[in-house]
Amino acid sequence: SCGWTGEWPPEHLWEKYDLHCQSCSGLLKPAVIALGERIPRGAWTAAEKAIENCGVMMVIGSQIAISSAANLVSKARLNHALVVINSIGKVAQAPVPKDVVVAERAEIFLPALAVLLDCPVPSTDKDITA
């Protein structure tokens, strides 16, 4: 409610308890934009600027059904970026031939991608196989 930002509580704590802000007692919310929420102007401007020079745009867990997401994907394609779409649902914006579409849950896809890219993967309590 107050706009506080900081470290997200320990893993899985939010699954068991309603988490409240220590400043205003409002519910804590992760720094994501939920369906129906406005994208903050600064975030939108930063996204458009990043797309100007990106070589790869990754769309994770989205069906690209919202016009703002579709707009960003279209701009990335116009700038010749490779678009990688990770979604288990049907994608609303039809992929173009050079797009890479991975129909897998993000919690499986992203750690597997990190392994392929030789990036450190944080340890989890789940066995991840690629």
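Which residues make the nonpolar surface patch of about 300 Å²? Select Val56, Met58, Ile60 and Leu110, and you have it. Patches here join nonpolar side chains (Val, Leu, Ile, Met, Phe, Trp, Tyr) within 5 Å and like charges within 9 Å, using residues with over 30% relative accessible area and no salt bridge. A salt bridge would be a side-chain nitrogen of Lys or Arg within 4 Å of a carboxyl oxygen of Asp or Glu. Areas are Shrake-Rupley values with a 1.4 Å probe, and for residues only the protein chains shown count as cover.

A word on what you're viewing: this is a predicted model, where local features need pLDDT of at least 70 and side-chain atom pairs pLDDT 80 or more, while totals for chains, interfaces and linings use all residues. Residues are numbered from 1 along each chain as its sequence is written, and side-chain values use heavy atoms, leaving out hydrogens and water.

Next, select strand 1, residues 56–60, which gives the most to the patch, with three residues. Strands (E, at least two residues) and helices (H or I, at least four) are DSSP runs, numbered from the N terminus. Buried means under 20% relative accessible area, exposed over 50%, partly exposed in between. Ile60 counts as partly exposed because its relative accessibility is 33%.

Look for Val56 opposite Leu82.

Terms used
Buried means under 20% relative accessible area, exposed over 50%, partly exposed in between (1.4 Å probe, protein chains only). Two strands pair if DSSP finds at least two bridges between them.
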